[in-house]
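Hello,

Here is the structure for you to look over. My notes follow below it.

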Amino acid sequence: MRHETFQRRFAHALDAIAGLPVEAARQRYDALCSGFAPADPAGMTVLDERIAGVSVRRFQPAKFKAGPILYAHGGGWYLGSPRSHHGITADLAERLGREVISVDYRLAPEASYAEALDDCRRVAEACAPVAMAGDSAGGRLVLDVARQSPWRGLLGLIYPPVGRLSPTTLGPDAPLLSRDDILTLWHAIARDVPMSDDASPPACCIEILSVERDPLTRPLEMAVDAWRHAGADIGYRRAPGMLHGALHAHARLDAMQTAWHDVCHALANRLA
């Protein structure tokens, strides 16, 4: 698939979602994202359960090592679910040879950011993951779980919002996720987001994937520099020409497929 085709299809669907009642918007978003997902790997077992009172979806490859991965999905804190990100988490489980536990955390506006963070924290405490990963809004959640808990492990971040987002910190506008989109979502949850010293790394070992055309990439790269200066061991890669949300089409977009392969390979090597 050409990236222009992905951009056009995704943008058209997002436009159709805008203005819908929240439950209808969530259903359409789940369908949109899952429409780009590849088939589950052979032998993959998928289980919907509850851990510490929180709904989760567990992805178990045919053969997997002990020590699960916790995953928090993106979607701007008000959209997304383990269903929208099924293709990403199933593929991650297969590539890492580990069980991936995808957290169905509570969403805004019904729940606050603090409640979403608490859901992720409770699952992390109950399953003791060897790594935590998340994309976009979910990346911010696992980052904050890592900072606020005694958990120590490997962190995987895919184009997360970091620091205090503002017009001066964000990069230039891009399709699918504009500066205004980001600031609107951020202002809705910012009062509940724990803020620590932005130069303090959330984990000792971090693997990060960003995309070239995304306002969130500028503050993320500034954070990477600060975290490295503070002593964190960070692997960083940026997918050329790609847009925020392109991870859903990692099996169809060459640049995203390469970047996703590289970050999963780096995570697997660190876990080994």
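**Helix 7**

The residues buried in helix 7 are Thr217, Pro219, Leu220, Ala223, Val224 and Trp227. They sit on the same side of helix 7, because the arc they cover around the axis is only 155 degrees. On the other side of helix 7, the exposed residues are Met222, Asp225 and His229. One caveat before going on: this is a predicted model.

What covers the buried side chains and backbone here? The cover over the buried residues of helix 7 includes helix 5 (137-148), strand 6 (154-158), strand 7 (205-213) and strand 8 (233-243).

The length of helix 7 checks out. Helix 7 has 13 residues, 217-229, which should span 18 Å at 1.5 Å a residue. Its end C-alpha atoms are 18 Å apart, so the two agree. After helix 7 comes glycine 231. The phi of glycine 231 is positive, near 110 degrees.

**Helix 3 and threonine 89**

Helix 3 (residues 86-96) contains threonine 89. This helix is mostly covered, with nine of its eleven residues buried. The buried set is His86, Gly87, Ile88, Thr89, Ala90, Asp91, Leu92, Ala93 and Leu96. Covering these buried residues are, among others, strand 1 (45-51), strand 2 (54-60), strand 3 (65-72), strand 4 (98-103) and helix 8. Glycine 97 follows helix 3, and its phi is positive, near 65 degrees.

Is threonine 89 buried or exposed? Its relative accessibility is 0%, so threonine 89 counts as buried. Leaving aside neighbours within four places in sequence, threonine 89 has contacts with Phe59, Tyr71, Val100 and Ser102. Threonine 89 and serine 102 are 13 residues apart along the chain, and 7.2 Å separates their C-alpha atoms.

**Histidine 248**

Histidine 248 is in the loop between strand 8 and helix 8 (254-271). Its relative accessibility is 6%, under the 20% cut-off, so histidine 248 counts as buried. Which residues does histidine 248 contact, leaving aside neighbours within four places in sequence? They are Phe10, Tyr29, Cys33, Phe36, Ala37, Ser84, His85 and Ile88. One of these, Ile88, is also among the buried residues of helix 3.

**Aspartate 181**

Aspartate 181 belongs to helix 6. With 36% relative accessibility, aspartate 181 counts as partly exposed, because that value falls between the 20% and 50% cut-offs.

**The largest pocket**

The volume of the largest pocket is about 710 Å³. Its lining has 34 residues, and the closest to the pocket centre are Gly76, Tyr78, Leu176, Leu177 and Leu185. Which elements give two or more residues to the lining? They are helix 1 (3-17), helix 2 (22-34) and helix 6 (179-189). Helix 6 gives the largest share, five residues. By class, the lining of this pocket counts 21 nonpolar, ten polar and three charged residues.

Best wishes

Key: Residues numbered from 1 in each chain as written. Predicted model: local features only at pLDDT ≥ 70, side-chain atom pairs only at ≥ 80, totals over all residues. Heavy atoms only, no water. 1 Å grid on protein atoms, 1.4 Å probe; cavity = no way out; pocket = protein on both sides within 12 Å on 5 of 7 lines; lining within 4 Å. Points joined across faces, edges and corners; volume = space filled by probe spheres on them. Helix = DSSP H or I, 4+ residues; strand = E, 2+ residues; numbered from the N terminus. Nonpolar A, V, L, I, M, F, W, Y, C, P; charged D, E, K, R; others polar. Expected span 1.5 Å × (residues − 1). Buried < 20%, exposed > 50% of the residue type's maximum accessible area, 1.4 Å probe, protein only. Arc of directions from axis to C-beta. Contact = heavy atoms within 4.5 Å.
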